[in-house]
Amino acid sequence: MCIMHITSGLESKTLMKAALVRGAGQTPVYADFPRPNPSAEEKLIKVTAAALSPLTKGRASGQHYSSASHFPFVAGVDGVGRFADGTRVYFALPEPPNGAMAEFTVVSADRCVPLPEDLEDVTAAAIANPGMSSWVAYKRRAKLKAGETVLINGATGAAGRLAVQIAKHLGAKKVIATGRNPESLRTLASLGADVTIALGEDQAALESNFRKEFASGIDVVIDYLWGKSAEVLLNARAEVGGEVGPTRYVEVGAASGAQINLPGALLRSSAIELMGSGIGSVPSDCLVAYIGELLQATIAGGFKIAVKSVPLSEVETAWSCDDNATRSVFTCSKRRKSEGCSPRPARRRRVVTLNTTSSLNKTEAL
Ligand SMILES: NC(=O)c1ccc[n+]([C@@H]2O[C@H](COP(=O)([O-])OP(=O)(O)OC[C@H]3O[C@@H](n4cnc5c(N)ncnc54)[C@H](OP(=O)(O)O)[C@@H]3O)[C@@H](O)[C@H]2O)c1
């Protein structure tokens with residue numbers, strides 16, 4: 001622990017270590033920041049683990065619609081830690097300038113949920129955001145029913161891989177997964193995907209593949225990509241028309257494009273129910289409650305995610321090196337010299353596998 005006191009005029013402040021964003025677009029740096037004091041409605045949390053999700057990156061870079069506008073602020077939108085009485089919790093959405101990537105944070109009590117005993121801090125921190133994306137989309141927005149068919153557009157990232165597993169856990173009869181990387185796509189069968197569709201160059205072939213699947217009935221689409229592939233999907237669905245039941249289409253991410261071209265006639269001519277899921281379309285306290293539910297189900301569901309644990313002191317290097325092969329999770333520990341990004345070590349991921357009887361950590365290449 002790196003706490004020290006400074007005196008400025010009459011005021012004495014306790015400092016802690018944090019990942020600080022000092023200006024728009026700047027990579028966070030490991031630096032001193034005042035330790036926050038909780039108000040009556042807030043809880044002080046000693047942070048143990050905080051994950052580097054696309055939301056965390058987007059907010060830190062100022063690109064996300066919910067980004068903070070005043071600098072400096074502490075990076076990190078959620079994490080795992082302990083209250084003063086030792087209660088272990090997942091917490092979300094500390095108010096800027098506070099953030100999750102620090103030794104301490106303060107969070108409104110209604111944005112904290114207790115963790116199941118068997119779930120490790122790092123795993124819980126890694127799974128919460130990507131797992132929530134589909135858990136909430138299925139349960140709250142699409143209201144997925146057992147026996148239905150789901151298509152996940154962009155299923156090769158952390159969120160998509162969990163969306164495949166969670167769909168099966170919630171009783172989906174058939175899961176169709178799409179992705180641009182054929183190698184990653186192939187690994188999705190072992191997570192429960194029944195059909196995989198590569199998002200290749202040939203648009204006509206892709207549309208024909210989608211049409212075939214829609215003609216057999218797709219009840220729910222979870223879309224992490226938006227952009228061109230969403231246009232192809234929606235066109236294919238419209239071409240199948242009203243002869244099959246409605247399709248609930250949930251926009252969850254925009255990894256391949258922020259905009260699409262959507263002719264009005266396409267919605268008029270087919271039973272597409274278009275909606276979104278995320279911060280804003282679902283109230284924050286509900287999102288946190290759903291994350292609590294997801295984390296309670298994680299061990300029984302055997303959900304898998306590839307994680308990499310990194311000391312918070314290495315935030316600057318790890319932030320720049322991060323890719324979507326593994327979810328980086330920062331943990332508080334003493335500073336040691338960074339190894340840098342290059343040359344990169346052979347890629348090996350720690351895949352956390354959880355089952356009903358024990359918490360088992362395996363290292364394997366996916
Ligand atoms: N609304 C919510 O509640 C919520 C919650 C969590 C995440 N999200 C959003 O969901 C998306 C995925 O999150 P994540 O955690 O899975 O991120 P991630 O682990 O970084 O994965 C990113 C995914 O996007 C794919 N991708 C990126 N650019 C692409 C392109 N141009 N064409 C096709 N595929 C592309 C990647 O494919 P490759 O495997 O081929 O690289 C990978 O599957 C992000 O946009 C994130 O902001 C939304």
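In what order do the six strands of the open sheet with parallel pairing run? The order is S12-S11-S10-S13-S14-S15, where two strands count as paired if DSSP finds at least two bridges between them. Strands here are DSSP runs of E with at least two residues, and helices are runs of H or I with at least four, both numbered from the N terminus. Strand S12 (195-198) and strand S15 (272-276) form the edges, each pairing on one side only. Ignoring direction, neighbouring strands of this sheet are turned by 15° against each other on average. Axes are lines fitted to C-alpha atoms, for helices over the stretch in contact, and angles between N-to-C directions run from 0 to 180 degrees.

A word on the model itself: it is predicted, with local features requiring pLDDT of at least 70 and side-chain atom pairs counting only at pLDDT 80 or more, while totals for chains, interfaces and linings use all residues. Residue numbers start from 1 along each chain as its sequence is written.

Within the sheet, strand S10 (residues 149-153) and strand S11 (residues 174-179) run parallel and are joined by five bridges. Contact here means C-beta atoms, placed from the backbone, within 7 Å. Because five of its six residues are buried, S11 is largely enclosed by the rest of the structure. A residue is buried if 20 or more other C-beta atoms, placed from the backbone, lie within 10 Å of its own, exposed if 12 or fewer, and partly exposed in between.

Across the chain, nine helices and 19 strands are found, and 45% of the 366 residues are buried. Of the contacts with a separation of 6 or more, 71% involve residues 24 or more positions apart.

Turning to the ligand, 28 residues surround it, the closest being Ser-133, Gly-157, Ala-159, Gly-253 and Gly-278. Helix H1 (54-61), helix H2 (121-142) and helix H3 (158-169) each supply at least two residues of the shell, and the largest share, four residues, comes from H2. The shell divides into 12 nonpolar, 15 polar and one charged residue. Both domain 1 (3-115 + 303-355) and domain 2 (132-276) contribute to the shell, so the ligand lies between them; the domain bounds come from an automatic or database assignment.

Helix H3 also holds Ala-163, a buried residue with 31 other C-beta atoms within 10 Å. Leaving aside residues up to four places away in sequence, Ala-163 touches Ser-134, Ile-152, Ala-155 and Ile-222. Gly-131 is 32 residues from Ala-163 in sequence, yet their C-alpha atoms are 6.9 Å apart.

Most residues other than glycine have a negative phi, and most peptide bonds are trans. The bond from Phe-71 to Pro-72 is cis, with omega near -5°, and Pro-72 sits in the loop between H1 and strand S5 (73-74). Pro-96 and Pro-97 are likewise joined by a cis peptide bond, with omega about 15°. Leu-93 has a positive phi of about 55° and is partly exposed, with 18 other C-beta atoms within 10 Å. Lys-143, in the loop between H2 and S10, has a positive phi of about 50° and is exposed.

Conventions
Near = placed C-beta within 6 Å. Nonpolar A, V, L, I, M, F, W, Y, C, P; charged D, E, K, R; others polar. Contact = placed C-beta atoms within 7 Å.
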